[in-house]
Amino acid sequence: MITKKFGAWNNLIYQKEYCIWLGDKLGYNTYEDWYQIRLKTFLTNGGSRIGKYYHYSPYYFLKAVMPEYDWLPWLFPQVPRGTWNDKNVQKKYLLWLFNKLNLSQTSDWYRSEE
């Protein structure tokens, strides 16, 4: 049973061990691989406590257990509720999109696509 294998879910060390185990099971080799995960994958692999501790959000869970990586909530299949209400997230998204579109100055937002 997962809870016996990884101990108490209120311990971040055990949560990280669970995450490593699940990543190995799913064949995830990079942080970016985690962007494809859905809540259902956690729930069907013994991670139901993610609901209790992380508001049913893979983003919040991964952000807690792997804080060394700069997780971008909009790259997950489902963005956590309330994400777009945060002005800092809005700004970070626009900067990310600016770079992704290879824009070089703010006026480039207005250029027409050809």
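The legends below describe close-up views of a predicted model.

Local features are given for residues with pLDDT of at least 70 and side-chain atom pairs only at pLDDT 80 or more, while totals for chains, interfaces and linings use all residues. Residues are numbered from 1 along each chain as its sequence is written, and side-chain values use heavy atoms, with hydrogens and water left out.

**View 1. An aromatic pair, Tyr-35 and Trp-71.**
The whole structure holds 23 aromatic pairs. One of them joins Tyr-35 to Trp-71 in an edge-to-face arrangement, 5.5 Å centre to centre with 70° between the planes. Rings of Phe, Tyr and Trp (its six-membered ring) pair if their centres lie within 6.5 Å; planes under 30 degrees apart count as stacked, over 60 as edge-to-face and the rest as tilted. Tyr-35 sits in the loop between helix H2 (12-26) and helix H3 (39-43), and Trp-71 in the loop between helix H5 (58-65) and helix H6 (87-100), so that the pair links parts of the chain 36 residues apart. Helices (H or I, at least four residues) are DSSP runs, numbered from the N terminus. Tyr-35 and Trp-71 are both buried (under 20% relative accessible area; exposed is over 50% and partly exposed in between, with a 1.4 Å probe and protein chains only).

**View 2. The buried face of H5.**
Pro-58, Tyr-59, Phe-61, Leu-62 and Val-65 are the buried residues of H5. Seen down the helix axis, they fall within an arc of 165° and so line one face of H5; the arc is taken from the directions from the axis to the C-beta atoms. H2, H3 and helix H4 (49-54) are among the elements that cover these residues. Phe-61 also belongs to an aromatic cluster with Trp-9, Tyr-18, Trp-21, Tyr-28, Trp-34, Phe-42 and Tyr-54.

**View 3. The largest pocket.**
The volume of this pocket is about 290 Å³. Its lining has 14 residues, and Tyr-56, Ser-57, Pro-58, Gln-78 and Pro-80 lie nearest the centre. The lining divides into 9 nonpolar, 3 polar and 2 charged residues. Ala, Val, Leu, Ile, Met, Phe, Trp, Tyr, Cys and Pro count as nonpolar, Asp, Glu, Lys and Arg as charged, and the others, Gly among them, as polar. A pocket is an open set of points on a 1 Å grid over the protein atoms alone where a 1.4 Å probe fits, with protein on both sides within 12 Å along at least five of seven lines; lining residues have an atom within 4 Å of a point. Points are joined across faces, edges and corners, and the volume is the space filled by probe spheres set on them.

**View 4. Ser-57 and His-55 in the loop between H4 and H5.**
Ser-57 is buried, with a relative accessible area of 6%. Apart from neighbours within four places in sequence, Ser-57 is in contact (heavy atoms within 4.5 Å) with Ile-50 and Pro-80. His-55 is exposed at 63% and has a positive phi of about 55° although it is not a glycine.

**View 5. Thr-83 in the loop between H5 and H6.**
Thr-83 is buried, with a relative accessible area of 6%. Neighbours within four places in sequence aside, Thr-83 is in contact with Pro-73 and Val-89.

Terms used. Helix = DSSP H or I, 4+ residues; strand = E, 2+ residues; numbered from the N terminus.
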